[in-house]
Amino acid sequence: MKKLLLLSVFLIGLSVTVSAQLAPGDAAVPFTLKNVDGKMVSLSDYQDQKGMILVFTCNPCPFSKAYEQRIIQLHKKFAASGYPVVAINPNDDIASPDDTFEKMQARSKEMNFPFPYLKDVTQDIYKAYGATRTPHVFLLDNKNGTFRVAYIGAIDNNAMDERSVSEKYVEQAIRALEKGNQPDPAQVKAIGCTIKARR
Amino acid sequence: MLPGRFTAMRKVFLLFIILLPAGSAAQNVGPFDTEGLRSLLGNRSDTVYVVNFWATWCSPCVKEIGYFEELHRADNPLLKVVLVNLDFPNQVEQRVQPFIRAHDLTAPVVNMTEMDYNKWIPLVDEDWSGAIPATLIFSAKGTEFIGTEIAREALFETIASFNSK
């Protein structure tokens, strides 16, 4: 018994160090970040929503660009039914000069983003979620006022060509939640550029 | 009159030898898929394969690509370099071919066309996130996966360690 306890303590310690990423089922990490319109946006502002499509994304990554229209479409399709998109840019300005707040404002205007595009200035939020890619989706499910992670990963299974997509992971996950089921798969490796950390 | 003409001719000649190698050496990037990768990874012999995953938009990849070109140019019959390019297939003409010309890459470059990356990423390494640059080195003697940037010395040392395995 004691051995088992020791082993489990060891394993818990190991899992914390190896993967800091939130797992499906975990409580979402609250955030308050500056939007491109200059206003602060918090997770708690969305209390009356059924959930949130939280997307870590950025300006220059070809994968982020390829998904821009699809992220806009996700918002248009699901915001009305309670799953709006909130985009967070996690990249450091110096490591990625195309991701400054001003350039985010320009991109948001150019693409006419119908959702907030927030800057993770301190880079604490992407680290707390364990996002590693752009784009990297965390689908949140609001259960009686507590947001929990329901799905983590890729938007679908073809970044370059939307017409060749055969698995719409985020859409399928939302439809599962709407039916009261857990998304399956609840996690699919996100494909994209690495998040640029401050050096 | 004569010396002038001579100079002009020499200039034309110089221009010719400067342009010829760059123009004719530009290789065509072939398409690559899960099956191609599977068969590449199945080559287990005395030959050490160095497979680098990269893209033109990935600046750390671009920084280290010269090391792989250098390995290829060493012309070692027991060493094969393959550069697996991960730019979108619709970017090959616009971005990848010009990059190859600009960097005078002679190491074979193939472009991954299977866009459902989760189908092939685990073949390279179970724990690989798909982040690039990434390099897989293997022979009949073993496999070494480097899921990060690599310094020139570290790369050359890792390859040397294969030869002494």
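The buried residues of α5(A) are covered by, among others, β3 (51–56), α2, β7, β8 and β9 of chain A. Helices (H or I, at least four residues) and strands (E, at least two) are DSSP runs, numbered from the N terminus. The model is a predicted one, in which local features need pLDDT of at least 70, side-chain atom pairs count only at pLDDT 80 or more, and totals for chains, interfaces and linings use all residues. Residues are numbered from 1 along each chain as its sequence is written, while chains are lettered from A and ligands numbered from 1 in the order in which they are written.

Within α5(A), the buried residues are A:Tyr169, A:Val170, A:Glu171, A:Ala173, A:Ile174 and A:Leu177. Buried here means that 20 or more other C-beta atoms lie within 10 Å of a residue's own; 12 or fewer make it exposed, anything in between partly exposed, and C-beta atoms are placed from the backbone. Just after this helix, A:Gly180 has a positive phi of about 85 degrees.

Let's turn to β3(A). Six of its six residues are buried, so the strand is largely enclosed by the rest of the structure. A:Gly51, A:Ile53 and A:Val55 are buried on one side, and A:Met52, A:Leu54 and A:Phe56 on the other.

Strands count as paired if DSSP finds at least two bridges between them. β3(A) runs antiparallel to β7(A), joined by six bridges, and A:Val55 sits opposite A:Val137 there. With β4 (residues 85–89) of chain A, β3(A) pairs in the parallel sense over four bridges; in that strand A:Val55 faces A:Ala87. Together, β3(A), α2(A) and β4(A) form a right-handed β-α-β unit: with the strands pointing away from the viewer, the path from the first strand over the helix to the second runs clockwise.

## The nonpolar core

The largest nonpolar core holds 91 residues, of which A:Ile53, A:Leu139 and A:Val170 touch the most other members. Helix α2 (residues 62–78) of chain A gives the most to this core, with six residues. Such a core is a set of buried Ala, Val, Leu, Ile, Met, Phe, Trp, Tyr and Cys residues joined through C-beta atoms within 7 Å.

Leaving aside neighbours within four places in sequence, A:Leu139 is in contact (C-beta atoms, placed from the backbone, within 7 Å) with A:Gly51, A:Ile53, A:Ala150, A:Tyr151, A:Val170, A:Ala173 and A:Ile174.

## Backbone spots worth a look

A cis peptide bond with omega of about 5 degrees joins A:Asp184 and A:Pro185, and A:Pro185 belongs to the loop between α5 (169–178) and β9 (187–188) of chain A. In chain B, the bond from B:Ile132 to B:Pro133 is cis, with omega near 5 degrees.

A:Asn144 is not a glycine, yet has a positive phi of about 50 degrees. This residue lies in the loop between β7 (136–143) and β8 (146–153) of chain A, and is exposed, with 4 other C-beta atoms within 10 Å.

Chain B has six helices and six strands, running α-β-α-β-α-β-α-β-α-β-β-α from the N terminus on. Of its 165 residues, 29% count as buried.

The contact takes twelve residues from chain B and twelve residues from chain A.

Notes
Two residues are in contact if their C-beta atoms, placed from the backbone, lie within 7 Å.
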